[in-house]
Amino acid sequence: VRFWSEGATLDIRPSSMPSSTSGTSKWCTALRLLLLVGIIVGGFTWFGLSVQNYKTEHHVYICDTKSEMRQCLGLNDVMSCAGLYKDDNDGDQVDCIASACGHRFLIFDISVSGASDPLGSGTPTNALSQLMIFWSMVPYLVILVLLLSFIFAFDTTTLSFALLFLIMAAVNELVLKKIISQNRPTGSCLFFKSKGMPSGHAATSIGMLWYSLLELWIDQPSSSSLIKKSMVTVLLVFLFAPVPYSRVYLHDHFPSQVGAGSAVGFGLASLWFLFMYRYARRTCCFNSLPPLLRKTYRNINEPYWPPWATTTNRSGYHQTLSIQEALVTDVEASYEQVTSPAAAL
């Protein structure tokens, strides 16, 4: 913008306008594509390995006796149950039968029905059980959403949620379960696959729920209306709160295991929020991050929509407004400088 006043021509360049970031944008695009390729390759690798074991782990077979919970390989397996005898004391050897747990849901650690007694009958597969399977899938959906969100935004807000999820999963699966080493219910299709105390589903779901509520309600700008916050809260509670109960309903965990998992998630989420809110955003933790990572965490000057999302009307609209506001502000300031008495002297 060029401004003329009493024979003086001035060049006005808005100081608040974004500088040229073509080089940074290229690096951002390259890293995002590299991350996307890594996720696709890793996902297909994990899927392929899971499919290889799908037939053996899909249905669970056990020896037909209550004296010992022992896994066998199939209906024709006569070796795995050798040495075990039926509970009626007739001296007959037991057979290998299918557990009443039903089967795993696809390649995920979720029992489709589960059973209170692996030698009895499984939970009926009705609409309620299908709803419980959906809630048990929520933690897996969170992983997918966080990955896609980080590829899109490349920002610190998504990174904070992703790091919390990884911390909760690592502490629960790699530390606590190995130390406590408590079995799942015998009617779970995961009985022979992993330990149950504390519940990983409960830890991650309650942890993400509590952390989301803290970020939503504590010290946020007044521009977020009470109605919007309340609607988001209801949605979060609907998605995450029933997850622990669904694990008990499908007989994959005891109530004590989901209670302990919920406590772990609640505690870790609280500590993580204190770290992020009180320390990380105010110290070198964020300042030392790579410049390609957009610092959106509690930063109203850096919206979630990244500069490369210009195809959306929302980002383009806000970008246009920011440039116009910068031009108006700098033009007014320069006009006051030129027309002031001191400038005339």
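How many salt bridges does a search of the whole structure find? The search finds four salt bridges, a salt bridge being a side-chain nitrogen of Lys or Arg within 4 Å of a carboxyl oxygen of Asp or Glu. The model is predicted, so that local features need pLDDT of at least 70 and side-chain atom pairs count only at pLDDT 80 or more, while totals for chains, interfaces and linings use all residues. Residues are numbered from 1 along each chain as its sequence is written, and side-chain values use heavy atoms, with hydrogens and water left out.

View 1. Lys177 forms a salt bridge with Glu173, and the closest N and O atoms are 3.3 Å apart. Because Lys177 and Glu173 are four residues apart in helix H4 (residues 156-180), about one helical turn separates them. Helices here are DSSP runs (H or I, at least four residues), numbered from the N terminus.

**View 2. The loop between H4 and H5.** Ser181 lies in this loop and has a positive phi of about 55°, although Ser181 is not a glycine. Pro198 is found in the loop between H4 and helix H5 (200-217) as well, and a cis peptide bond with an omega of about -10° joins Met197 and Pro198.

**View 3. Helix H5 against helix H6.** The axes of H5 and H6 come within 10 Å and cross at roughly 175°, where axes are lines fitted to C-alpha atoms, for helices over the stretch in contact, and angles run from 0 to 180 degrees between N-to-C directions. H5 and H6 are therefore roughly antiparallel to each other, a term for angles over 145 degrees. By class, their contact (heavy atoms within 4.5 Å) has eleven nonpolar, four polar and one charged residues.

**View 4. Helix H3 across helix H6.** The axes of H3 and H6 come within 8 Å and cross at roughly 110°. That makes H3 roughly perpendicular to H6, the range for this term being 65 to 115 degrees. Phe134, Trp135, Val138 and Val142 in H3 meet Phe238, Leu239 and Phe240 in H6.

**View 5. A nonpolar patch on the surface.** Leu128, Leu131, Phe134, Leu141, Leu235 and Phe238 form this patch, with about 520 Å² of accessible area together, as given by the Shrake-Rupley method with a 1.4 Å probe. Patch residues have over 30% relative accessible area and no salt bridge, and nonpolar side chains are joined within 5 Å. H3 gives the most to the nonpolar patch, with four residues, whereas Leu235 lies in helix H6.

Methods:
Patches are made of residues with over 30% relative accessible area and no salt bridge: like charges are joined within 9 Å, nonpolar side chains (Val, Leu, Ile, Met, Phe, Trp, Tyr) within 5 Å. Helices (H or I, at least four residues) and strands (E, at least two) are DSSP runs, numbered from the N terminus. Angles under 35 degrees count as roughly parallel, over 145 as roughly antiparallel, 65 to 115 as roughly perpendicular and the rest as oblique. Ala, Val, Leu, Ile, Met, Phe, Trp, Tyr, Cys and Pro count as nonpolar, Asp, Glu, Lys and Arg as charged, and the others, Gly among them, as polar.
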